[in-house]
Amino acid sequence: MKAEESSLRGDTFSILERGGIYIALVLVLVSAAILSPAFFKPSNLFNVLRGAAPLGIVAVGQTIVMLGGGIDLSLAGVMALTTVVVADITQGQNISLVPALALVFGIGIAVGFLNGLLVTKRRVPPFIATLGVAILLEGVRFVYTKAAPSGSIPPLVRFFANEAVGPVPTNLIIFFLVVAGFLFVTHKRPFGRHIYSTGANREVARLSGIDVDRVTLLTYVICSTLAVLGGLVLAGFIGYADNYLGRGYELDSIAAVVIGGTSFAGGSGGIGGTVVGVLLLTMLFNIVLLLSLPIEYQLVVKGAVIIAAVALYSFRTNRN
Amino acid sequence: MADVEMNNRVWSHKTQHFFETHSRFIIVVLVLLSLAILGSVASPYFRSSRNLLNFGRKMVVVLTMLSIGQTMVMIAGGIDLSVGAMVKLIGVFSAGMMLGEQGRLIPVSLLCLGFGGLVGLVNGLIVTKARVAPFIATLGMMSILRGIAFGYTTTPIGSVPKSMRFLARGMVGPFPFALFVIILFIVVACFVLKYTRFGRHLYAVGGNDEIARLTGINVDRTRILTYVVSGGLAALAGLFMVSRMGVGEPDIGEGLELDSITAVILGGTSLAGGVGGILGTVAGVLILGLIDNILNLLRVSSFYQLVVKGIIILIAVSIHRAKRQ
Amino acid sequence: MSIKRITRRKFLELMGIGIGAAGTAQFMPLGKTIPDAKAAAKVKTPPDQLMRQKLAKSTFDCSKYKKDPPWRLAFVTQGKTNSWVVMFDAHVDYAVQVKYKGLFSDFFYGDSQGNAERQLDVYEDALVWRPDVMLLAPMGQAAISASVDETMEMGIPIIYNSSRAESDNFVTWVEASNYRQGAVFAEWLAKKMNYKGKYIALSGIAGLSVVEDRLRGARDVFSQYPGIEELGQAYCDFSPAKGKQVTEAFLAAHPKIDAVWSGSGLQCWGAIEAFVEAGRDIPPVSGEDLNGFLRICKKYNVDFIAVNYPVEIGLHAVDAVVKTMRGETVPRYIDVPIVKFGKKDIDKYLRPDLSDDYWAIHKLPEDWIQKLGFKKK
């Protein structure tokens, strides 16, 4: 009798563990339907998805870094620097977009290298390495703009960030492409497996012949590059050369990744959860606004969801 | 993961452990000394006794309180991101409840400290019992505490009784009163870490919790206690802040958590746990305070201040290359 | 609204602390605020406005500060975190370097990097530098109060530049009222709505005195008219992108929005784009003299009110510094004139040759504007 009971409980748990985040998503969707009929309006769904895309793009980068056992706090700094540099160089004209893009992607890659080298060669903990780089980037940005950014975002960038193809936002397509790229790498290329092995156990991965330092370095480079892309997409959403663009995205992306079930210690998790995590955070923000709730609800609900989601995941690791 | 292994080794070789701690500590003290020398050479104002004594009345004090708690949490292998939000929340709660009345000073202060400890307890329970990664648990708590603070007030509120201002602003002879308080805290914290069972347990738990468990240490209780201490000290830092300001201000406390973590890591405490100490942390806090102070007195534009600060932090943490093999 | 208040209180209790009541029990003396906007509306003139009126009638005798020039001036301020501050600071620089050339021997610029705690430390550093006079733009109304008391006791005169601290220990306060700005926006919008309709409110960053004062001013006005209803209020962190996201959600939730009260031009920019993309008519909006906001307003032919939060406050503040150091008697409150304008005057203020971050109403010569980097390349 007892055994039966526990196996029953086990079943409940296994549903939770396989689909926890999806159950949470459904719960939020259902409560949205009950609380605010406006949520399911096509225009609102369109806006939620379009709003989710920039966070989604950087969250993919953050997922890769965290799977490899790291963390990246500098990506918001990269996003903001991207915006002001592109706005300044192009002055809102498509014509000089190519050199501007070359420069910002170059900056992104360089920042990724700096993060990666600090973490691998100098063995600086990722948290402090990327935090130091974030402070440095903020300084560089202010030196560059003198606190008064000039120029604006060219129409072409705005098209890829703010328009729609049929009912689908263009930036969502970019997000999907990034996700598809991630899936391709993790499923079809050895590099994907190497990220997981490195994150799971660095020593074992090294002994099995993986160049763990190179893998870690690359995760940071990919993340910074995606931060450049995310910065462009977010900048194109409004077109203003915002010195504070992406503020808070570093912590929000981490929150989305862990809500999505990627382990903080690295080595386990995946992109599906991250996508849902991003949607969940964006939807919560949207619903709070639809219901016209004051700011404290937004903050408290967000905090509670983060803790609850991760607690749910750790149930299974606990059990195993 | 690799860092855990690094620590396995550190734990198993005690001499190495000592070398590790001390070499990091020596580096941080060297950085601190060179900053101090640079400051005295570059600016006559820096050398003035008023400036030096001012450190006893500045954010350094608040940051030291937060960082002592943070050090304990981190030695035991955790991290506490909720401390900045706690300072914000206690800042408005305490002033809002004291309303400048002397009679409410003690009860409200005790209530605030209790609340800080309680939130720490919740953090600890979430981390140990619900097995949520400390970063995430306290990140969530940070959001919740900020929410409560804004729910309580978004505008300046209340005031503290005049006598409370003595805590942050009072002078004993030429010395700021807070200097004595903070030195007392540092001494007690050093003592706790070095000579008490709790202190030794912290290092064991942070070094390798499995081994710690096998040697009969109550790992969960030790961890929870670190969060309680951290929460309580954060509440105390909030009281200190409000005594410095005189009025409850909702626009404070953002970013203090990252500053305290930076200070602790600068001071040589490992993010993976098991390694570190209070004196290093104090040196780390002083480095952050000195950077700001010197650059301000040299009238360096704040744009370059950020660049310089970032570079100094990166250099300080990367001089020492942690051993892995 | 009343239901919302109750759930808010409940919510606090649920968090395990039954001290929510203290929040509304606050009814504080001068310069402090009443947390409940509804309660404030019942008072005809809010306490901080009364305080301004009272201050404006009094003067401060500065004979004890009289000193022959040159003087050492310390200016502790928010720091160059956005373009408003850049132009505001430039007015102080302009006064010190050009208008009062030769009167100041040295100048200490205390940059708080937009952080109220950091300002406390920068302030201490400024005092170590031993200024003759202190120009202070407090970050938080409350945070720096006790430091101000101490400085005045040391015999260093303090002039508040733009915002003020709680402390009444100061020589003079040079500002334009944020409360009034919010109220002027609201009055115009209310009139445009014919005193009947629904509005949304978009604020900057939660907890900043500037932001909360403007919102309070607006709500005090709107609540006088029973036909006007607030659909929702949100903080947009002075980000056009967030302003747009927030407005999108409000548009989805509310079929009819008759006005957008925005505390700054930045979030309103996003709001306008949201209306355009939703294919809805743009209602009357409020904003400031920010070039980018004006550009968008012109592009979509928006009916708007713009009131500047004058960057020239810095200039008037240095005027007051000079008077103080010459030992004159100065008024305790100096109200810097504001400019209101709308759709029909837009070409007078919009500068297509300058960047979005330029603020239209100022007293700087053209070459300074170029030097500050507002010129398009």
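**A sheet and some salt bridges**

In chain C you can find an open sheet of six strands in the order 3-2-4-5-6-13, paired in parallel. Strand 3 (104-111) and strand 13 (333-335) of chain C form its edges, each pairing on one side only. On average, neighbouring strands of this sheet are turned by 15° against each other, direction ignored. Keep in mind as you look around that this is a predicted model.

Now move inside the sheet. Strand 2 (residues 71-77) and strand 4 (residues 133-136) of chain C run in the parallel sense and are joined over four bridges. Here C:Ala74 stands opposite C:Met134. Stepping back, chain C holds 15 helices and 14 strands, and 66% of its 377 residues are buried.

Next, look at charged side chains. Those of opposite charge can pair when their charged atoms come close. Over all chains, the whole structure has 44 salt bridges.

C:Arg180 lies in helix 8 (residues 178-192) and C:Asp335 in strand 13 of chain C, so the pair ties together parts that are 155 residues apart in sequence. Both C:Arg180, at 23% relative accessible area, and C:Asp335, at 37%, are partly exposed.

In chain B, B:Lys88 forms a salt bridge with B:Glu254. B:Lys88 is buried, at 2% relative accessible area, whereas B:Glu254 is partly exposed, at 38%.

Finally, a network of salt bridges links A:Arg50, A:Arg158, C:Lys244, C:Glu248, C:Glu273 and C:Glu277.

Terms used: Residues numbered from 1 in each chain as written. Chains lettered and ligands numbered in written order. Predicted model: local features only at pLDDT ≥ 70, side-chain atom pairs only at ≥ 80, totals over all residues. Heavy atoms only, no water. Pairing = 2+ DSSP bridges. Helix = DSSP H or I, 4+ residues; strand = E, 2+ residues; numbered from the N terminus. Axes fitted to C-alpha atoms, helices over the stretch in contact; angles between N-to-C directions. Buried < 20%, exposed > 50% of the residue type's maximum accessible area, 1.4 Å probe, protein only. Salt bridge = Lys/Arg side-chain N within 4 Å of Asp/Glu carboxyl O.
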